[in-house]
Amino acid sequence: MFDYQAPSDLLNNRTILLTGASDGIGRVCAESFLNHGAQVILLGRSQEKLESAFDALEPLHPGRVIIHPLDFLQADVADYQQLASAVNEQFDCLDGLLHNAALLGARTPIAYYPEQDWKQVMTVNVDAAFHLSKALLPALERSSDGRILFTSSSVGRQGRAYWGAYGVSKFAVEGLMQTLAEELAETSRIRVNSFNPGATRTTMRTRAYPAEDPRSVTEAAEHMPAYLYLMGPDSAEVHGQALDMQSIARGK
Ligand SMILES: NC(=O)c1ccc[n+]([C@@H]2O[C@H](COP(=O)([O-])OP(=O)(O)OC[C@H]3O[C@@H](n4cnc5c(N)ncnc54)[C@H](OP(=O)(O)O)[C@@H]3O)[C@@H](O)[C@H]2O)c1
């Protein structure tokens, strides 16, 4: 258990962009970052779900919630550049980027794995993280204490049968994190890490384990100390690390 107690002003004056913010872990992170003072830019593929998040969050945190619908399966380079231009126009800098959105895809042996699922999972889980990181790096560089946090999985650190493109995409996410972390280590104040939240009660988990009783699975809220720590000033020395709840607790 990671018992980090985040002060309520931990993320004051920080602007954080989150992908997959319309549902699951990303939606809970958005709420938690707002509760700790951040201004948030919420990305999601469904305009309707983002508007519903906005309607719930904005009244409690006036002027601190921005929504930006973007379906990574449809997006091209110009869409990512347009997003970066909007961020550059509205904010002095970007202080945090949480790569959280992901597609599960088929859970089938590689021998039968559908080509279309392979392509879609790689597009959402890997390509979008590359395009967003690249487009938003200049805004992150302007922060005095920037963070890029990738979301991993246990199947992206040790290959596991039948997890197909999802597992392979998470290995690629770890590779992108390590590459970027090394490139930025000496030249930038941006800290880059990956975090595996572990089993969490969300739609994705239910899809992956349909027979499981959801009540037996940890709620996303329990992971928030880790996300807050990794997005806030207390993790300034943490860089290039592939973390999970156990390792983050040991490191503190
Ligand atoms: N839940 C777990 O047990 C678990 C364990 C380890 C790692 N993780 C990782 O944690 C992260 C969050 O997972 P979760 O369980 O919260 O999943 P989730 O409930 O399925 O949420 C995934 C989010 O990604 C968004 N997304 C999917 N396809 C997209 C696309 N084409 N364009 C833009 N956004 C898209 C979804 O948008 P819509 O709402 O519109 O679908 C949703 O907001 C993922 O990276 C996942 O791999 C989860």
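Y113 is buried, at 7% relative accessible area (buried means under 20%, exposed over 50% and partly exposed in between, with a 1.4 Å probe and protein chains only). The model is a predicted one, so local features need pLDDT of at least 70 and side-chain atom pairs count only at pLDDT 80 or more, while totals for chains, interfaces and linings use all residues. Residues are numbered from 1 along each chain as its sequence is written, and side-chain values use heavy atoms, leaving out hydrogens and water.

Now for the ring pairs. Rings of Phe, Tyr and Trp (its six-membered ring) pair if their centres lie within 6.5 Å; planes under 30 degrees apart count as stacked, over 60 as edge-to-face and the rest as tilted. That rule gives eight aromatic pairs. Take Y113 and W118: their centres are 5.7 Å apart and the planes meet at 85°, so this pair is edge-to-face. W118 is partly exposed, at 32% relative accessibility.

W163 and Y209 make a tilted pair, with 6.1 Å between centres and 50° between planes. W163 sits in the loop between β5 (147-151) and α5 (164-184), and Y209 in the loop between α6 (203-208) and α7 (224-231), so the pair ties together parts 46 residues apart in sequence (helices, H or I of at least four residues, and strands, E of at least two, are DSSP runs numbered from the N terminus). W163 is buried at 8%, whereas Y209 is partly exposed at 28%.

Elsewhere, ring pairs link F2, Y4 and Y229 into a cluster.
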